[in-house]
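Try each task before you read its solution.

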Amino acid sequence: MSKGILLSGGMDSIALAYWQRPDIAITIDYGQAAAETEIRNSAMVAKELGIAHHIIQIDCSSLGSGDLINDSAIDASPSTEWWPYRNQLLISLACMKGISLGLTELMVGSVKSDSFHKDGTAGFFERISSLMEYQEGNIKITSPCIHLSTVELIKSSGIPRSLLLWAHSCHKSNIPCCNCRGCNKYRQTLTELYRSDEESPTQAD
């Protein structure tokens, strides 16, 4: 039995990986603008934690929308970074790889604020877990931090600042753009975590 994590290289997935210590980490380049840095930083974190790291590369950028492909959002988008059915896509791809690795559970690092999108809600994860468990492979999908804020997750995980600062949260670029929703979340989270520090840490390039 193997537990895996969908490791994007962002703050939430890195903190969850440190907290739960899965056997397998899967990072996916699906055509997003920041894929190169997400893969690099995820690989570093997985190596540091002694987690087997697998990379999937499949270009779905023609199906994307908004900031993640540096394009305009489609009319149905509730926010600039929305990509249609993204979590459903990533979970499916990860399980397609995971079934050959003996994966029995795939963790996704969605947090409370992700419920802004339907595919970031507890209801979504319950439904997609039922679907994946119904199919051959019987892989369970879990979201252990769905009821936590990012700050609460980081504190609960005990992740050291030195490792957390490897997180790459930018939606638009391999180098932080400092003006997208991902970069804003990164900055706000660090400010709340380390507000008493003389100098707030900055995101690793």
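Contact here means heavy atoms within 4.5 Å. Helices (H or I, at least four residues) and strands (E, at least two) are DSSP runs, numbered from the N terminus. This is a predicted model, in which local features need pLDDT of at least 70, side-chain atom pairs count only at pLDDT 80 or more, and totals for chains, interfaces and linings use all residues. Residues are numbered from 1 along each chain as its sequence is written, and side-chain values use heavy atoms, with hydrogens and water left out.

**Exercise 1.** Find the residues through which α5 and α7 meet.

Solution. Start with α5, where T150, V151, I154 and K155 take part. Their partners in α7 are K185, T189, E192 and L193. Now sort the contact by class: it has 3 nonpolar, 2 polar and 3 charged residues (Ala, Val, Leu, Ile, Met, Phe, Trp, Tyr, Cys and Pro count as nonpolar, Asp, Glu, Lys and Arg as charged, and the others, Gly among them, as polar).

**Exercise 2.** Work out where Y85 lies and whether Y85 is buried or exposed.

Solution. First locate Y85 in the loop between β3 (52–57) and α3 (86–98). Next check the backbone: phi of Y85 is near 60°, a positive value in a residue other than glycine. Finally, a relative accessible area of 62% makes Y85 exposed (buried means under 20%, exposed over 50%, partly exposed in between, with a 1.4 Å probe and protein chains only).

**Exercise 3.** Do likewise for C178.

Solution. C178 sits in the loop between α6 (161–164) and α7. Its phi is near 70°, again positive in a non-glycine residue. With 49% relative accessibility, C178 counts as partly exposed.
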